[in-house]
Amino acid sequence: MSEMTLEIALYQPDIAANTGAIARLCACFGLPLTIIEPAGFAWSDSTLRRAAMDYLEKVTVSRAASWAQFIEERKGRRLVLLTTKAEVAHHNFHFHGDDILLFGRESSGVPPDVHHACERVKIPMAKAVRSLNVAMATAIVASEALRQTGMFRAL
């Protein structure tokens, strides 16, 4: 990746429709998307294509064969993981224009080694609920990061 910009990365996503919706979000915001394999569906999955509509052709998508490959290719860049286990709310976190916003697997999040390799943020929520849909959470955090870094003005 030659240009340093915010990037969305999905760690082993397992719901095609969520990945499709996130790909569409990335296309609309001009953000690259990386899928850290293995994914729980084929890239040709019709559910993914239905959710992404014709936006898959408008987003830069890369795929990392593993977490190790992903980390190696992005040395020196800050990873920001969205997790319910974080102490800092996303709106109180200072985002940088070249951060990688990382979102875990819908069914199980990320393993401890990935968790510990990242800065961590959370979206404040009512106590009676567990979590947001990953596509909605991506939109919330990406919007705040774009707002803070002034990148919305460039769209």
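Which side chains meet in a salt bridge at 3.1 Å, N to O? Those of D14 and R105. By salt bridge I mean a side-chain nitrogen of Lys or Arg within 4 Å of a carboxyl oxygen of Asp or Glu.

Before going on, a word on what we're looking at. This is a predicted model, where local features need pLDDT of at least 70 and side-chain atom pairs count only at pLDDT 80 or more, while totals for chains, interfaces and linings use all residues. Residues are numbered from 1 along each chain as its sequence is written, and side-chain values use heavy atoms, with hydrogens and water left out.

Okay, back to our opening pair. The side chains of D14 and R105 form their salt bridge, and the pair ties together distant parts of the chain: D14 is in the loop between β1 and α1, R105 is in the loop between β5 and α4 (112-116), and they are 91 residues apart. Those labels are DSSP runs numbered from the N terminus, helices being H or I with at least four residues and strands being E with at least two.

R105 turns up again with Q12. Q12 is in the loop between β1 (7-11) and α1 (16-29). Setting aside neighbours within four places in sequence, Q12 is in contact with I36, E37, P38 and R105, contact meaning heavy atoms within 4.5 Å. Is Q12 buried or exposed? With a relative accessible area of 19%, Q12 is buried. The cut-offs are under 20% for buried, over 50% for exposed, and partly exposed in between, with a 1.4 Å probe and protein chains only. The Q12 side chain also makes a polar contact, at 3.5 Å, with the side chain of Y11. That term covers a pair of N or O atoms within 3.5 Å; within protein, one must be able to donate a hydrogen and the other to accept it, and residues adjacent in sequence count only if both atoms are side-chain atoms.

How many salt bridges does the structure hold? Nine. One of them joins R77 and E7, whose closest N and O atoms are 3.0 Å apart.

For another salt bridge, take D54 and K58, at 3.9 Å, N to O. D54 is partly exposed at 42%, and K58 is exposed at 53%.

Now, cysteines. A disulfide is a covalent bond between the sulfur atoms of two cysteines. The cut-off used here is a pair of cysteine sulfur atoms within 2.5 Å, and the structure holds zero disulfides. C26 is buried at 1% relative accessibility, whereas C28 is partly exposed at 45%.

Last stop, V88. V88 sits in the loop between β4 (79-82) and β5 (100-103), and is partly exposed at 35%. V88 and V121 are 33 residues apart in sequence but 5.1 Å apart in space, C-alpha to C-alpha. Beyond neighbours within four places, V88 is in contact with F93, R120, V121 and K122.
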